[in-house]
Amino acid sequence: MSGPECCSNPPTLNPSAGSGHVEKIGALNAYIAGSPNSNPAVLFASDIFGYEAPKFRKLADKVAAAGYYVVVPDFLNGEPYNPENPNRPMPVWIKDHGTDKGFEDAKLIIEAIKSKGVASVGAAGFCWGAKVVTELAKSKLIEAVVLLHPSFVSLDDIKGVDIPISILGAEIDLRSPPELVKQFEETLTANSVTSFVKIFPKVSHGWTVRYKPEDAEEVKAAEEAHQDLLNWFAKYLK
């Protein structure tokens, strides 16, 4: 997770971004978009910059507008990664924000969502969060999953997934390079898992939620990925 690419173009966090609201669900604060009466629900697991990133919340709003109850927990417990904090370099920060802890928290969140009467839950994981939702998928706690520019996800992880999975990767990505994403695809195909795998040309790690609004090509690629995510949940979340 080191290297400039995962920290490039960090968002300016805004706790009041988005048209939803923040409430406690499970043991965590979460940004909620859409009606709790909407069914099914989608869990979002963020990248290292956390749940207050405006473009991330904007995407949650977009998914809610398509008819889902969207829950975006603060898996980072109020301490998103700050590239400008010299006292908390990435290796130190990661030690305190392990994806294993994220997975344990996510299990409680899924339980809380289902206790509201929601029949099926999907999950979308971005960068750091992709590993969290992959663990949910392996444990069969969700019905469908989308990974966007995943980090920390291994080939062994993918071998453990047998629910519908979509993986959206970037051509320029050291965390999940196209060669690795291709191996993911081959493994899923070999295991007869319902899957959709796509490498987006000319974009870098994080492009779906850290695109530059003034860059038409970046915006177009991000919106295409957002539509792929919506299409996947429309197909496999009932």
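These legends describe close-up views of a predicted model.

**View 1. The whole chain.** The chain holds seven helices and eight strands. Its radius of gyration is 16 Å, close to the 18 Å that the globule rule gives for 238 residues, so the chain is as compact as a globular protein of that length. The C-alpha trace spans about 45 × 45 × 35 Å along its principal axes.

View 2. Of the 238 residues in the chain, 53% are buried. The accessible surface comes to about 10200 Å². Carbon and sulfur atoms account for 52% of that surface. Contacts tie together parts that lie apart in sequence: among those between residues at least 6 apart, 70% join residues at least 24 apart.

**View 3. Helix H6, end to end.** H6 covers residues 178–190, which is 13 residues. From its first C-alpha to its last it reaches 18 Å. That is close to the 18 Å expected at 1.5 Å a residue. After H6 comes Ser 192, whose phi is positive, near 55°.

View 4. Which residues of H6 are buried? They are Leu 180, Val 181, Phe 184, Thr 187 and Leu 188. These residues cover an arc of only 115° around the axis, which means that they sit on the same side of H6. The other side carries exposed residues: Glu 179, Glu 186, Thr 189 and Ala 190.

View 5. Leu 180 and Phe 184 are among the buried residues of H6.

**View 6. Strand S3 and its two faces.** S3 runs over residues 41–45 and is mostly covered. Five of its five residues are buried. Ala 41, Leu 43 and Ala 45 point one way from the strand. Val 42 and Phe 44 point the other way. In a regular strand the side chains alternate between the two faces of the sheet. In S3, the residues pointing either way are all buried.

**View 7. The pairing of S3 with S4.** How do S3 and S4 run, parallel or antiparallel? The two strands run parallel, and three bridges join them. S4 comprises residues 69–73.

Notes: Residues are numbered from 1 along each chain as its sequence is written. This is a predicted model: local features need pLDDT of at least 70, side-chain atom pairs count only at pLDDT 80 or more; totals for chains, interfaces and linings use all residues. Side-chain values use heavy atoms; hydrogens and water are left out. Helices (H or I, at least four residues) and strands (E, at least two) are DSSP runs, numbered from the N terminus. The expected span of a helix is 1.5 Å times one less than its number of residues. Buried means under 20% relative accessible area, exposed over 50%, partly exposed in between (1.4 Å probe, protein chains only). The arc is that of the directions from the helix axis to the C-beta atoms. The radius of gyration is taken over C-alpha atoms; the globule rule is 2.2 Å times the number of residues to the power 0.38. Contact means heavy atoms within 4.5 Å. Accessible areas come from the Shrake-Rupley method with a 1.4 Å probe; for residues, only the protein chains shown count as cover. Two strands pair if DSSP finds at least two bridges between them.
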